[in-house]
Amino acid sequence: DFTVIDPQKNWEITADELLYKHKFSAFTGLSGTGAPVMTIVRGQVVMEDGRLRDGCTGQLVRRCREE
């Protein structure tokens, strides 16, 4: 599994991109350079250009409780 990064890609956090129920965030308006452009899991592209691909599967991994 790995993520491909574009070190030159500029980005800004906007309210439209937030996945919150409430579209207000202290992070809105922050910007930077360098962003992920593709994520590959078990040989399959699961994210490309900021969009998740349909049909991706995964499994929730829960933290083990130490006894």
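User: What volume does the largest pocket have?

Analyst: Rolling a probe the size of a water molecule over the atoms shows where empty space is left. On a 1 Å grid over the protein atoms alone, a pocket is an open set of points where a 1.4 Å probe fits, with protein on both sides within 12 Å along at least five of seven lines. Here the largest pocket has a volume of about 420 Å³, meaning the space filled by probe spheres set on the points. This is a predicted model, where local features need pLDDT of at least 70, side-chain atom pairs count only at pLDDT 80 or more, and totals for chains, interfaces and linings use all residues. Residues are numbered from 1 along each chain as its sequence is written, and side-chain values use heavy atoms, leaving out hydrogens and water.

User: Which residues lie nearest the centre of the largest pocket?

Analyst: Lining residues have an atom within 4 Å of a point. There are 15 of them, with Trp11, Glu12, Ile13, Glu17 and Gly50 nearest the centre. Strand E1 (a DSSP run of at least two residues) gives the most, four residues.

User: How confident is the prediction on average?

Analyst: pLDDT is the predictor's confidence in each residue, from 0 to 100. The protein averages 86, and 94% of the residues score at least 70.
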